[in-house]
Amino acid sequence: QYLEDASEYDMCKRLRVCVATCNRADYSKLAPIMFGIKSHPEDFELEVVVLGSHLIDDYGNTFRMIEQDDFDIGSKLHTIVRGEDEAAMVESVGLALVKLPDVLQRLRPDILVVHGDRFDALALATAAALMNIRILHLEGGEVSGTIDDSIRHAISKLAHYHACCTRMAEQHLIAMCEDHCRILLAGCPSYDKLLSTHHREDYMDIIKSWLGDKVQERDYIVALQHPVTTDIQHSIKIYGLMLDALLSFNKKTLILFPNIDAGSKEMVRVMRKKGIEQHPNFRAVKHIPFEQFIQLVCHAGCMIGNSSCGVREAGAFGTPVINLGTRQTGRETGENVLHVRDADTQNKIYHALELQFGKRYPCSKIYGDGNAVPRILKFLRTIDLDEPLQKTFCFPPVKDPISQDIDHILETQSALAIDLGGTNLRVAIVCMRGKVVKKYTQPNPKTFEARMHLILKMCTDAMRDAVCLNCRILGVGVSTGGRVNPQEGVVLHSTKLIQEWSSVDLRTPISDALHLPVWVDNDGNCAALAERKFGHGKGVENFVTVITGTGIGGGIIHHNELVHGSTFCAAELGHIMVSLDGPDCSCGSHGCIEAYASGMALQKEAKRLHDEDLLKVEGMDMKLSEPITAAHLISAARMGNSKADAILNKASTALGVGIINILHIVNPSLVILSGVLASYYQAPVQRIISERALLSAQSIKVVTSDLEEPALLGAASMVLDYATRRIY
């Protein structure tokens, strides 16, 4: 009784392995494993399921060779819907999925072994995975360049264990996040048989039985071409060209019918239309036993077509191979394979036959060394049925996600900012924090063509540098003098300082050249945008920025939005009139703020005093060669020059009165002075507001900007605000 119990316990420990085979090709890989499993009854219990083209008469009823190999077929499933087109393939998968659950429920295997990349195998893997049956997938991780790739990788994701053939396939599976511990680099099981049997002494008998008594070794061709389901018409055309080339080449040819994939029916029609089955040079067959097929490939003068046998098994013999089309693109091959991927003419294929026929190449063992089956059996013995069935994926270690690291986002998401000044053209890479990462400066050309050429060149250089600086450029912002239509990205007309700069579309050429979104606005508006994002205006709903530089400009932020006006000339703050009979202004009018308080106006007054010898005072350092500027006027006033002081008081008053007008119109809560003269004007303007403004506006604060590059930062802010905005 004890011995009987022990025997029963051992039987229970056996791994119940179900091997499912769909066609003649996968059986050649599965048969060695099946023989190995059958030879170890103490460890394994074998169940065999046959489906697919094995059971179709037109494809040789190849299930009989399984029976001839003395395997008991537990289930035969007729799963092929005839039609040999795409719809028939899909219907065949559906039919298999309908029939498989009953079989798998009855057999209750511990593990299902599936091979390769056929649509039948996808049905097997899908059914097993959904029924919580462990799956061992053979030949995963390979790349062949057709829809087979998608099917193969899909099966790999459903499978729990993998037995792959090459080191590269193993790396692909690891890259697909499969668990390294569940991947076996075994080699191809068919190599176990072909490497041990391809030196059979009776090979000439096999050759003559298929091709006739007069055929000699290496003086015949083996042809095997299958349809490419993603480009059926093209594969039919290649098939016809191959047949024409073989007819012209005039050598004995053993040609196998194509597999059951969509397009095979049309390929057979092409073969019959050309009379291949009746031609004396051809022997057309539906099936050859694998052991005999090995001999025929091993001793052929050449193999042609797109079968995986050509790039895999044939390499083990050094047989010359011509691989036609894209079906095996991506497969690892030995030097015996000549690819004719664009097989668009008969002459090209014929020339390939001339190059390859009769050659011999070194034998390749890329796909195996003849010991795959022992490795696979050992691997099966290690499977622990008690470990969780739910497979896990081994995602590669990565750094903290960038999208959740705010510091990294602020440093790397950047804008390309362009400032078109009257003197210089500047381009800068500006990061989200408002830091100028890198700046480029060139003199602003005088002509339109030269200016546009320089803009694009400087931007291209900056884009290249941005990659090295780890900055991802989100878009381009342009700050320019003059009146701008920001909706269209067009400079309507410019200041006199920038020549040939009216009716200029900036957005289109820059966007076309850099493939980035582009925003354009007036330099005064850009200064206001810079303050809103990076300066004193951050978080302030209503404020005004006034630029006090060579000219006077600025921008108005009202309810957090920039005010452009109906014709895009709002916030022309420098041209607010503060006197009916004041000095001439560059705009053509009189008495504008700019005519009193701009750097150009102060420089003009400084030169007048200098010419009248009224500028210099005792202790004031002035070199004879240096040009007279507004700075000399300010210096003279601070050292007690009453004339200079009077000019500056008038300028401060004009600016202060102009700003009061702004306060009375738009009622901001803050005034920000920007530009080279801002620090000088801040105190006088604050005093004038407190003296002359309405009581409700007298307390409005005037501050000096802390930003060093308001035009560039404003141009960048257009990008950084809008390119990162999500609209639903």
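1. In which helix is the place of leucine 712? Leucine 712 sits in helix α26, which covers residues 710-722. The model is a predicted one, and the points below should be read with that in mind.

2. Leucine 712 has a relative accessibility of 0%, so it counts as buried. Setting aside residues up to four places away in sequence, leucine 712 touches Ala417, Ile418, Asp419, Arg426, Ala428 and Lys439. Leucine 712 can also be set against glutamate 42: the two are 670 residues apart along the chain, and their C-alpha atoms are separated by 80 Å.

3. On the overall shape, the C-alpha trace of the protein spans about 120 × 75 × 45 Å along its principal axes. The radius of gyration of the protein is 42 Å, whereas a compact globule of 728 residues would have one near 27 Å.

4. Of its 728 residues, 54% count as buried.

5. Two packed helices are described by the angle between their axes and the distance between the axes. Helix α2 (residues 24-38) packs with helix α16 (residues 372-381) at an angle of about 55°, and their axes are 10 Å apart. Because of that angle, α2 is oblique to α16. The crossing in which α2 passes α16 is right-handed.

6. Which residues of α2 and α16 meet? From α2 come Pro32, Ile33, Gly36 and Ile37, and from α16 come Val373, Ile376, Leu377 and Leu380. Sorted by class, this contact of α2 with α16 has 7 nonpolar residues, 1 polar residue and no charged residues.

7. Helix α12, made of residues 290-298, is mostly covered, with 7 of its 9 residues buried. The buried residues of α12 are Phe290, Phe293, Ile294, Gln295, Leu296, Val297 and Cys298.

8. Is serine 92 buried or exposed? Serine 92 belongs to helix α4 (residues 86-107). With a relative accessibility of 4%, it counts as buried. Apart from its neighbours within four places in sequence, serine 92 is in contact with Thr79, Ile80, Val81 and Phe119.

9. The backbone at arginine 218 may be worth a look. Arginine 218 is not a glycine, yet it has a positive phi of about 65°. Its place is the loop between α9 (203-211) and β8 (220-224). The relative accessibility of arginine 218 is 38%, and it therefore counts as partly exposed.

10. Phenylalanine 568 also has a positive phi, of about 65°, although it is not a glycine. Phenylalanine 568 is located in the loop between β24 (561-562) and α21 (593-597). At 18% relative accessibility, phenylalanine 568 counts as buried, because the cut-off for buried is under 20%.

How values were computed
Residues numbered from 1 in each chain as written. Predicted model: local features only at pLDDT ≥ 70, side-chain atom pairs only at ≥ 80, totals over all residues. Heavy atoms only, no water. Axes fitted to C-alpha atoms, helices over the stretch in contact; angles between N-to-C directions. Helix = DSSP H or I, 4+ residues; strand = E, 2+ residues; numbered from the N terminus. Parallel < 35°, antiparallel > 145°, perpendicular 65-115°, else oblique. Left-handed = near helix turned anticlockwise from the far one by under 90°. Contact = heavy atoms within 4.5 Å. Nonpolar A, V, L, I, M, F, W, Y, C, P; charged D, E, K, R; others polar. Rg over C-alpha atoms; globule rule 2.2 N^0.38 Å. Buried < 20%, exposed > 50% of the residue type's maximum accessible area, 1.4 Å probe, protein only.
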